[in-house]
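Dear colleague,

I am handing over a structure that you have not seen before, and my notes on it follow below. Please read them with the sequence and the model open beside you.

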Amino acid sequence: MLTAVVLSIIATAVGIFLALQIDWFPTQATTKAHEVDTLYDVLLIVSVPIFVLVMAVVIFSVTQFKAKPGDLGDGAPIHGNTKLEIIWVTIPFLIVSALSIYGWVVLNSIEAKAGNTMVVNVKGQQFAWSFSYPSEGKVKSNTLVLPKDRAVEFRVNTDDVLHDFFVPAFRVKTDAVPGLTTKVRATPNKIGTYPVLCAELCGLGHSTMRSRVQVVPVEKFNAWIASKQKGAAK
């Protein structure tokens with residue numbers, strides 16, 4: 001038993017170390033991305049010892065209590081251990097409750113409104129994304145262009161089937177539902193170009209439903225908007 005406990009502790013430490021070394025996510029490109037990544041790391045840290053505990057109990061039970069060759073009889077009738085049952089129900093309940101509260105805190109932080117928020121309408125259709133900027137006049141684009149360090153509220157909808165607006169670098173993901181506008185917020189804080197994907201199987205062309213988002217300095221964004229407005233006025 002002592003050997004099993006020591007091996008379990010070692011396996012837990014090694015498992016947590018290895019899990020935290022893996023680069024699970026792409027570049028963090030919004031102010032809240034690190035909160036999502038930290039939440040994921042916490043879930044890993046909690047999950048590894050639980051996995052090790054379950055596997056240790058299973059392996060110990062199989063090796064120590066397996067039937068001897070030729071023994072085809074039933075095991076001795078036993079009654080459940082009430083104290084043990086209370087413990088193994090209470091501890092998971094407390095763990096899940098704590099993680100749920102932590103997840104709610106992170107979600108609430110991500111969805112919090114910010115000042116000077118720019119609205120961007122996102123439309124999904126088989127099999128492309130299109131974007132419009134209602135506060136910037138008749139500006140439409142097949143490429144999402146955003147200014148650095150300005151809060152954005154994405155209002156997502158679709159005219160055909162279910163889609164899912166997903167920007168991995170932003171840690172932003174929300175369904176596009178026919179007849180419904182969903183909202184999600186983010187504040188890009190790293191200049192660069194990042195993929196925009198559809199994360200909902202939406203038909204034969206689902207894998208091609210890709211676009212990109214360009215995060216640019218404010219001056220460059222304003223120049224882009226001006227060029228789009230000039231083109232729309234012609």
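**Notes on the model**

Ala114 is partly exposed, with a relative accessible area of 38% (buried means under 20% relative accessible area, exposed over 50%, and partly exposed in between, using a 1.4 Å probe and protein chains only). Ala114 sits in the loop between helix 3 (82-111) and strand 1 (118-125), where helices (H or I, at least four residues) and strands (E, at least two) are DSSP runs numbered from the N terminus. Although 71 residues separate Ala114 and Arg185 in sequence, their C-alpha atoms are 9.0 Å apart in space.

Please keep in mind that this is a predicted model, in which local features need pLDDT of at least 70 and side-chain atom pairs count only at pLDDT 80 or more, while totals for chains, interfaces and linings use all residues. Residues are numbered from 1 along each chain as its sequence is written, and side-chain values use heavy atoms, with hydrogens and water left out.

Another loop residue is Pro134, placed between strand 2 (128-133) and strand 3 (139-141), and Pro134 is likewise partly exposed, at a relative accessible area of 45%. Leaving out residues up to four places away in sequence, Pro134 touches Val119 and Asn121 (contact means heavy atoms within 4.5 Å). Pro134 and Met118 are 16 residues apart in sequence, and 9.0 Å apart in space from C-alpha to C-alpha.

Asp164, in strand 6 (residues 163-167), counts as buried, with 3% relative accessibility. Apart from neighbours within four places in sequence, the contacts of Asp164 include Trp129, Lys173, Leu197 and Glu200.

The largest nonpolar core has 33 residues, of which Val120, Tyr133, Phe154, Phe165 and Phe170 touch the most other members; such a core is a set of buried Ala, Val, Leu, Ile, Met, Phe, Trp, Tyr and Cys residues joined through side-chain atoms within 4.5 Å. Beyond four places in sequence, Phe154 touches residues including Val120, Leu144, Phe165 and Phe170.

Finally, helix 1 (residues 2-21) and helix 2 (residues 33-64) pack at an angle of about 150°, with their axes 9 Å apart (axes are lines fitted to C-alpha atoms, for helices over the stretch in contact, and angles run from 0 to 180 degrees between N-to-C directions). That makes helix 1 roughly antiparallel to helix 2, given that angles under 35 degrees count as roughly parallel, over 145 as roughly antiparallel, 65 to 115 as roughly perpendicular and the rest as oblique. Among the residues making this contact are Ala11 and Gly15 of helix 1 and Leu44 and Val48 of helix 2.

With best wishes
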